[in-house]
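Hi everyone, thanks for making time this morning. I'd like to walk you through one model, so please have a look at it first.

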Amino acid sequence: MRFTVPNQPMRAGDDDGRRLIFGPDHASFTSLDDLRVGLVAAAANGADLLTRVTARVRDGLVGFRDETGDIIEPICNALDDAASDLRNRSLQIADQDVDRPFRVVLMGRTMSGKSTLFEFLSGGDGARIGVGGQRTTRESCSRAVQGLAIDVVDTPGVGAMDGEDDYARAFEEVAGADLILWVATDQATQEQTGRALERLSDLGKPILVALNCLADVSDELGLEDMLYEPDQVFGGDATGNLVPVQRHLARAGGQYICALQVHAQAALLSTSGLLEPDVAHVLRSNSRIDTLLESLRHQQEQTAAQRRVVSAFDAPRIDLLEAATSSNTQVSELRSAAASYQGTRTSLRKRAHRRIDDACDEIQSATTNAISRRERWIEQVDPDLGLDQINKKWNHELKGLRNELEDAINEIGLRLRADLNIIAYDVAADWAHVDSDGFAGLGGRGEIWGNRVVKVGGRMAAGVGGLAAGAKVGSLVGTLFGPGPGTAIGTGVGALIGLTGSLLGVDRAIDWLGDQLFRSPSKVRERRRKKISKQLSPLLVQLKAEVDKIRTKVQQDWFDAVESDHERRLAREEALDLAIGCLETATRELESAVANLDTELCRELLRMNGFTRVASAVSRADRWRGAGIAVALPEAEFAEVVLYPATGGVERIVPTRSTGRPESNALQVLRCMTTAPLTVESMSERRLVVDLSKPAPGGTREAWVALAQIHSGANVTIRERPLEGEPDVHDSHP
Ligand SMILES: Nc1nc2c(ncn2[C@@H]2O[C@H](COP(=O)(O)OP(=O)(O)OP(=O)(O)O)[C@@H](O)[C@H]2O)c(=O)[nH]1
Ligand SMILES: [Mg+2]
């Protein structure tokens, strides 16, 4: 069944109409101080949860430390780190000045002019500005912007060679940012900064782009150009320089709010006091800095209250999301370890049994050979020899037989032990690389987010990257066959010595009684031969039966050794399963903590936008950067937001029915994303496949799918269509 549905318009409705149909409503606010209590608790609870879980995981595996340590410890350490991040975050939120001004964070490539802009905005003395070299700014710094209720933060540049520390330090400022002022330059494509842009977009931060013109005005000629031919200096159309920025943001489904050209150096020079006032005035005006200031003022006035709420929620949310991602990643690591363990255990048992059977066959044939040699001895012994001599020779034969069997069993046993160890290593190596990709994930936002973060190479990726999928060979070989079969060989040899000893110990001398009745020497010889055979052959038969018994016993001992190894492995797997269970619960709880934050944030934003009635009807909301917040509502409130969308806010709010089926809710989310009709290719139990009639860039599609999926619980696919042209002609943020 294939059908087309129109998109859902997200244009603001007439407020009077809304009031008429649904009754009066009003805007309302919760104080940030009140919100903070919940945010502090959310972060602290997340930290406690992780601490409890790692303790349980470690406790559960305490008896298996030697065999599981190299897998469990890195996992627990990663979770400990996530817990301590959350704990720090909780303290930080508790300490935060909630009434702080709107916070603009300057970010961009090294030498793009961030510090220059920072000095201008804060009226500084220019001390932070670099002189020719990369990576001048190494520490962030916050100052008030003159004349505006804005704080501006200068950060180290991203994208420099060897600049991982700078990158991390700059990103520390992101969670608390209300707006990112991305400083790009009009020179060269900024490929190196792509990762940072994609990550910012992932984090859902609002971004304003300052396209800084790098024509130098520090010499007279440059200054003159700037004073008299500013348009030429700026070089007309700047959109070409923005394409890479746009493309990187779009990879994570984001887009900048607007982009403005400025000349930071000229702006700063105009305030330096070095120029005549009228020249300074013209330079400032030509630097276009006032348009940027105006835009910042506008952002502050229009969005400060809402963005502050969003960034207040962002702080614990990002950490909780990363903790959920970490926990989820550890679950798949553990699952792959468990699969490795299980695989090793079963194939090891099978192969060990086969090898033991072979060893026992070898013992049997060694025994048969040794005994049949003695049977032949009996047949060939010279009956003319004296009794004493024959008895002596027979004793000698038995001693030889005992030694032969002892040597054979010893050698077979030692070979068996060596082979079993080789088998253990072989099997372990075979099973060491069970890829966690093969396991169905939990499918929550932690997983989707984790996949993205790994792609973008953020903090989490570094955190878990060191841990290879699958178990380590060492831990798979484990305790195998230390004292086990070795002892069994000992028992076997010991029993055999005892047996042959007893055969020799009892005087089994052959007697020639009755020989005198036969006169013919040939008769005597024949009779003696019969006697020898009659008296000695049963001894060999008895010996053979005893050796068989011993062989069975040895085999059983060997099997038992394998079995006890198997049991221990089984117990270790059970402990591992418990650990997996704990982590799965933790992942789910962390995800639901994120969902709770999203729900609270959505309620608050709705209230701030004059949808207080709808806000109190929200049962659950899910946020995905770049896409918006999907909110589950009862029929009446759903109808209200469909007819009169809450468009005044800083986040797109997408209504769904709280009673709707997963696949129809997923469709509803997608209808609000695109600005064109979409074709439903298939729609069934928790599954939706659609085609877009207006293509969207990959990252945008990904964000839509993620939001539809985490909110509805359905499995969503947007079929890929080739894109033509540049990103701005596509459907991304309507
Ligand atoms: N020509 C020109 N030069 C500029 C402009 N803005 C900054 N510069 C120069 O570029 C160099 C680096 O400027 P900074 O402001 O220190 O750059 P940054 O982005 O803070 O660099 P990092 O601290 O290394 O990340 C300095 O020599 C500035 O004088 C501009 O608009 N035009
Ligand atoms: Mg700097």
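I'll take a helix pair, then the ligand shell, then one leucine.

A word on bookkeeping: this is a predicted model, where local features need pLDDT of at least 70, side-chain atom pairs count only at pLDDT 80 or more, and totals for chains, interfaces and linings use all residues. Residues are numbered from 1 along each chain as its sequence is written, while chains are lettered from A and ligands numbered from 1 in the order in which they are written.

So, the helices, meaning DSSP runs of H or I with at least four residues, numbered from the N terminus. H2 (residues 32-60) packs against H12 (residues 289-380) at about 5°, with the axes 10 Å apart; axes are lines fitted to C-alpha atoms over the stretch in contact, and angles run from 0 to 180 degrees between N-to-C directions. That makes the two roughly parallel, a label for angles under 35 degrees.

On to ligand 1. Which residues come nearest to it? Out of 25 around it, they are Gly113, Ser115, Gly130, Thr137 and Gly157, where "around" means a C-beta atom, placed from the backbone, within 6 Å. Helix H4 (114-122) and helix H10 (264-270) each supply at least two shell residues, and H4 gives the most, with three.

H4 also holds leucine 121. Leucine 121 counts as buried because it has 28 C-beta neighbours inside 10 Å; the cut-off for buried is 20 or more, with C-beta atoms placed from the backbone. Its C-alpha atom is separated by 9.4 Å from that of aspartate 151, 30 residues apart along the chain.

Conventions
Angles under 35 degrees count as roughly parallel, over 145 as roughly antiparallel, 65 to 115 as roughly perpendicular and the rest as oblique. A residue is buried if 20 or more other C-beta atoms lie within 10 Å of its own, exposed if 12 or fewer, and partly exposed in between; C-beta atoms are placed from the backbone.
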